[in-house]
Amino acid sequence: MIINLSYNNDVYFWESWDKLEVTYEGISQLKKSKLGIITLNYETFKMKLEEDIKEMSEFIIIINELKSYGKTYPNEEVVRKMLQSLLTLWEAKVTTIEEVKNLETLTLDELISSFLTHET
């Protein structure tokens with residue numbers, strides 16, 4: 001006795017395909033939504049009053065999350081964003097860095113190191 005499963009296999013394949021497609025579209029929408037939230041966190045980031053430079057790891061976490069979703073900003077923009085997010089008590093150090101350092105080549109790690117040296 002030979003049973004023809006071709007029709008059943010085709011139906012099963014297309015049902016599975018439809019489920020995968022719906023799942024993928026949902027995941028894609030979720031990723032876009034999450035990326036939008038992380039981007040907003042980046043754009044609105046400000047240093048909190050009770051924070052010091054060592055505690056600003058949230059900024060680096062945001063940058064890494066953006067990278068994990070495939071969104072990157074030019075290094076100079078990230079450095080400038082961090083400089084702009086600092087409290088006014090850092091204004092003298094920010095001005096010095098802007099005048100002395102080349103912001104096009106200054107990395108975020110180098111910037112943080114400069115602040116840590118000043119902070120201690």
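K81 is buried (under 20% relative accessible area, with a 1.4 Å probe and protein chains only) yet forms no salt bridge, and E43, the nearest side chain of opposite charge, lies 8.2 Å away. Here a salt bridge is a side-chain nitrogen of Lys or Arg within 4 Å of a carboxyl oxygen of Asp or Glu; Lys and Arg count as positive and Asp and Glu as negative, while His and the chain ends are not counted. The model is predicted, with pLDDT of at least 70 needed for local features and 80 or more for side-chain atom pairs, while totals for chains, interfaces and linings use all residues. Residues are numbered from 1 along each chain, and side-chain values use heavy atoms, leaving out hydrogens and water.

K81 belongs to helix α3, residues 75-85. Helices are DSSP runs (H or I, at least four residues), and strands are runs of E of at least two, numbered from the N terminus. The chain has five helices and zero strands, in the order α-α-α-α-α. Of its 120 residues, 26% are buried. Among contacts with a separation of 6 or more, 69% join residues 24 or more positions apart.

Key:
Buried < 20%, exposed > 50% of the residue type's maximum accessible area, 1.4 Å probe, protein only. Contact = heavy atoms within 4.5 Å.
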